[in-house]
Amino acid sequence: RLPTFGAVLSSVPLRMPILRHQQGDEENLVLSEASANKRLRCKPAHLAMAAAGVLVVAVFVTGALMLPSALSSSGGLPQCVEKVQTDLRWGVSQDWAVADHICCNNRIYAEHSGYFQDEHVNLFKKLNPSGETVFYDSVCGKPLFIAPRGRTFAQWEEESQNHGWPSFRPAEVVKENVIVAADGEVSSVCGAHLGHDIPDSHGARFCIDLVCIAGRPAPDNATAL
């Protein structure tokens, strides 16, 4: 039986941007073992690599040691075309540091499970249950997902709650702006890491970080859909 992610890292002074905690004027980004394991169970190759000891601590980011993104078969850091927007929607802007790391400085890790249900976000309570919502790239403002399509609002919300992250199906993807790598990583044409394709019995299911799709539309995309 493979050791848990937490056990593998127990001797490494490592903190990852999964949860955001406020300490005075400084943001302390720390690893939530439960949420990391939940997401990593969807990436067994990465967990196996960790268990095998193929972990090399690379660079310091905001005073914390980070795992190298090269653990992803996609390789290298995301190449965001610009900085993450500062006026992200649904209350996400107050977690800008998390968005910047997850979207533009990471290929493996995620916002914590259930982030979209946090009190300051409360995503589904802010959406129109009788229509579709367009989700825009947090970096460049291009449309990435439109939901719900091919199902009800309640079905979309339930699936997202069950999995812990906003979940989208192929019919809800703006295909010209979304790239799915062979290892399942999902990114945008603007270089942002978005999440992973984690198929289930119904087919492809895109498990996406809200912080990376909470952008405001670029002027030329605001009325494009």
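Arg107 counts as buried, with a relative accessibility of 12%; here buried means under 20% relative accessible area, exposed over 50% and partly exposed in between (1.4 Å probe, protein chains only). Arg107 and Glu185 form a salt bridge, with their closest N and O atoms 2.9 Å apart. This pair links distant parts of the chain, 78 residues apart: Arg107 sits in the loop between H4 and helix H5 (123-126), and Glu185 in strand E9 (residues 185-188).

A few notes on the ground rules. The model is predicted, so local features need pLDDT of at least 70 and side-chain atom pairs count only at pLDDT 80 or more, while totals for chains, interfaces and linings use all residues. Residues are numbered from 1 along each chain as its sequence is written, and side-chain values use heavy atoms, leaving out hydrogens and water. A salt bridge is a side-chain nitrogen of Lys or Arg within 4 Å of a carboxyl oxygen of Asp or Glu. By this rule there are eight salt bridges.

Here are three of them:

| Pair | N to O distance |
|---|---|
| Asp100 and Lys83 | 3.6 Å |
| Arg107 and Glu185 | 2.9 Å |
| Glu159 and Arg169 | 2.5 Å |

In the Asp100 pair, the two ends contrast: Asp100 is buried at 15% relative accessibility, whereas Lys83 is exposed at 55%.

For the Glu159 pair, both ends are buried, Glu159 with a relative accessible area of 14% and Arg169 with 12%. These two also belong to a network of salt bridges that links Arg151, Glu159, Arg169, Glu172 and Asp200.

Definitions and conventions
Helix = DSSP H or I, 4+ residues; strand = E, 2+ residues; numbered from the N terminus.
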